[in-house]
Amino acid sequence: MIVPAAPSEPAILSDVAADGVLFSFEDVSVLTPQGPILRAVDARLPDRGITVIVGPSGSGKSTLLRLCNRLEVPSTGRVAFRGVDIASLEPLAHRRRVGMVFQQPTPFGGSVRDNLMVASPGAAEGDLLRALERAHLPAPFLSRGASELSGGESQRACLARALVAGPEVLLMDEPTSALDEAARLVLERLARKLADDGVPLLWVTHDLQQAGRLADWVLALEGGRVRASGAPEATSLTAPGRTEGPLHGGG
């Protein structure tokens, strides 16, 4: 598991150029009757590459991700997408721009084609095939039953479903946690290709080595607060090729 530095250590924060901010969080808290999930979060995430969100269980990673497409709303503070307050955006239209792939594959009933058409009812055949290609699935998968797919295939079908809507951004909530190593590496390569092609990603993970492989930017949470934000070398992400610092492996 990846955990940030001890609370006694100062947070390590780097800023993003004002003209390159994808999401910004301004004094954002999410409060529940059981207690706060996020506490006064201030962060700006870059409009490029892969931002990896790390932290121990219960630190608020998935909640922060869900704020980005209005599956959650802040109790206090403001979340902005490319400078526009998300609260002012129509939720369904915003979710077409900001797609999401969840921790467990969530295919609907029917065929893979049916799943893609739910996301984009007006999609032409070429659009469906391009979405499959980008998700590293062959064209015959359109006619496959969604329930017949392996775990890795099912997660890639969910990725294709997100891509067919033409999102500008992808949110990935521990998408490889239920996959074997081969399937994890395939999804990581797909993520890198999408980022290199201009689709920024936010990726939540507990896998320290995966974070080191993927991260162009790191946001570390602990106890609902930001402990570090910046490029991997600035936050000293522990992984092959990185030095140990405010993020380290844990049990």
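1. pLDDT is the predictor's confidence in each residue, from 0 to 100. The chain averages 88, with 86% of residues at 70 or more. Residues 1–8 fall below 50, yet this stretch has 36 contacts (heavy atoms within 4.5 Å) beyond near neighbours in sequence. Residues 238–251 are also below 50, with 40 such contacts in the model.

2. This is a predicted model: local features need pLDDT of at least 70, side-chain atom pairs count only at pLDDT 80 or more, and totals for chains, interfaces and linings use all residues. Numbering runs from 1 along each chain as its sequence is written, and side-chain values use heavy atoms, with hydrogens and water left out.

3. Strands are DSSP runs (E, at least two residues), numbered from the N terminus; pairing requires at least two bridges found by DSSP.

4. β3 (residues 21–32) pairs with β4 over 8 antiparallel bridges. Val 28 has Val 41 in β4 as its bridge partner.

5. The whole structure contains 15 salt bridges (a side-chain nitrogen of Lys or Arg within 4 Å of a carboxyl oxygen of Asp or Glu). Arg 78 and Asp 85 form one, at 3.6 Å, N to O. Arg 78 is partly exposed at 27% relative accessible area (buried is under 20%, exposed over 50%, partly exposed in between; 1.4 Å probe, protein chains only). Asp 85 is partly exposed too, at 26%.

6. Asp 197 and Lys 193 form another salt bridge, their closest N and O atoms 2.6 Å apart. Asp 197 is partly exposed at 47%.

Technical notes:
Helix = DSSP H or I, 4+ residues; strand = E, 2+ residues; numbered from the N terminus.
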